[in-house]
Amino acid sequence: MYEDGRYKRNPDVSWRVIEGQAVLVHNREGEIEVLNEVGTYLWEHADEPLEQLVGNISRDYGVAPEEARRDALEFYESMVASGALVAAET
Amino acid sequence: MDTPLSLLMGRAVRASRPVYATLELTYTCNFACRFCYNPVERRNQRRTKPLPKPDLKPLAFEEILGVLDQLREMGVLYLTLTGGEPLTHPRFWDIAYAAKARSFAVRVFSNAALITEAVADRFHDLAPYCLEISVHGAKDETAEALNQVKGSHQALLRALGHLSARNIRVYLKCVVTRLVQDELSEIKALGDRFGYPVFFDPVLTISDDGEEYPLDLQASDEVLRKLYLADGLNIGNSPFQREPGDLNCTVAAGTIHITPGGEIQPCTQWKQAVGNVRERPIQETWATSPILEEARKVSREMPELIRQGTDHHAFCHHCPGLSLLRYGDARRLEDQYVRVARIRAGVAAEEAAKAGPRVGIRS
């Protein structure tokens with residue numbers, strides 16, 4: 001787990017936010033992912049410190065910081081597992 | 001079935017937010033296909049009038065970068081690099097990597113003849129979404145009769161070997177002409193050999209300047225009938241489901257097309273220039289062009305007009321750009337699509353008759 005946050009997007013994954021949701025195209029695998037609103041926010045700000053993002057999500061969506069943190073980490077783990085993100089060197 | 005992606009794309013297109021763009025990099029080509037529709041003289045094309053002289057300088061590399069930046073800002077995700085043969089553009093790789101750096105999903109249309117092992121390695125590094133490669137026959141002589149280049153078919157086979165060895169996604173495309181009409185199964189087998197699907201297209205496109213010489217190569221009705229009856233070819237023979245409010249296609253709504261000289265068109269087929277990237281921002285043209293608005297209107301009206309225009313509407317595609325080019329009327333159904341619809345409806349009736357009456361405990 002990479003709890004400090006800050007991830008790099010895989011350049012082989014193309015993406016755009018379309019109608020408020022990030023669409024990720026895994027070019028090598030030919031797979032396409034559509035993220036929900038919170039996932040889109042986390043994806044767009046993947047290179048920013050995790051705690052800052054958690055604070056924003058907690059405030060904007062009215063969820064407890066711990067819950068926001070758990071969900072964000074789960075999201076980033078899944079993105080790393082799919083190859084869309086890699087943990088950035090600090 | 002609607003997926004989250006198709007719902008999103010549909011919403012974007014209905015709101016006229018483009019997600020697809022086509023960039024014609026050049027009309028230069030290493031082939032001389034007899035049905036080529038580009039406004040460039042290829043050999044053995046039956047022209048009735050000379051081609052107009054090109055009056056626009058090709059976009060410089062820096063101008064293309066500006067186009068890519070603007071398309072990204074507009075939300076375009078899928079970018080097609082085409083030509084001519086895009087690999088003949090002297091800055092092809094710089095453009096392709098610039099597109100990757102801007103996070104486009106890049107599609108490249110090519111005839112593959114220039115794809116050596118070294119080029120396949122570069123494609124592997126680039127990681128495009130896909131290459132779409134034209135197939136002109138299953139035999140040397142068939143392909144060469146169409147593209148008029150000796151050795152072209154062997155070059156294609158070598159290229160497909162290089163690409164498949166690197167797991168690069170390729171879709172093969174074959175326009176069904178009378179030259180290839182007896183080799184369709186062999187062409188499918190060629191795709192199978194490399195693990196690539198082949199998509200057959202029975203409609204020929206007339207030239208950008210309205211010449212009809214490509215239609216000289218049309219396959220016969222009987223060949224098209226067999227095509228739609230054949231198992232395992234990627235044609236499809238199900239009726240279309242059109243719902244009220246559907247658009248005919250993505251013209252001027254989800255798609256934007258830019259020519260080598262920077263002209264903006266509603267799509268690849270709708271050849272009217274609505275502006276030039278050198279004149280004003282693309283978004284401004286996109287938002288204000290009366291021609292684009294008319295193209296959107298046509299797209300909204302067509303599902304109903306197709307219903308009124310042919311008994312076989314459930315099988316009838318419509319390309320308003322092709323109709324505009326051929327008849328000067330984007331709403332008029334084009335003969336080839338009507339013909340294909342008639343043949344498809346006949347085949348569907350044959351298949352239904354073979355299947356016999358449907359029996360069930362519920363009607």
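How many residues does the contact take from chain A and from chain B? In this predicted model, local features need pLDDT of at least 70 and side-chain atom pairs count only at pLDDT 80 or more, while totals for chains, interfaces and linings use all residues. Residues are numbered from 1 along each chain as its sequence is written, and chains are lettered from A and ligands numbered from 1 in the order in which they are written.

The contact takes 15 residues from chain A and 16 residues from chain B, two residues being in contact if their C-beta atoms, placed from the backbone, lie within 7 Å. On the side of chain A that touches chain B, two or more residues each come from β2 (13-18), β3 (21-26) and β4 (31-34) of chain A; strands are DSSP runs of E with at least two residues, helices runs of H or I with at least four, numbered from the N terminus. The largest share of this side, four residues, is given by β2(A).

These three strands of chain A form an open sheet in the order β2-β3-β4, with antiparallel pairing; two strands pair if DSSP finds at least two bridges between them. β2 and β4 of chain A are the edge strands. Four bridges join β3(A) and β4(A), and A:L24 has A:E33 in β4(A) as its bridge partner. Helix α1 (residues 37-44) of chain A packs on the sheet and touches β2 and β3 of chain A. Helix α1 (residues 4-14) of chain B also packs on the sheet, where it touches β2, β3 and β4 of chain A.

Terms used:
Axes are lines fitted to C-alpha atoms, for helices over the stretch in contact, and angles run from 0 to 180 degrees between N-to-C directions.
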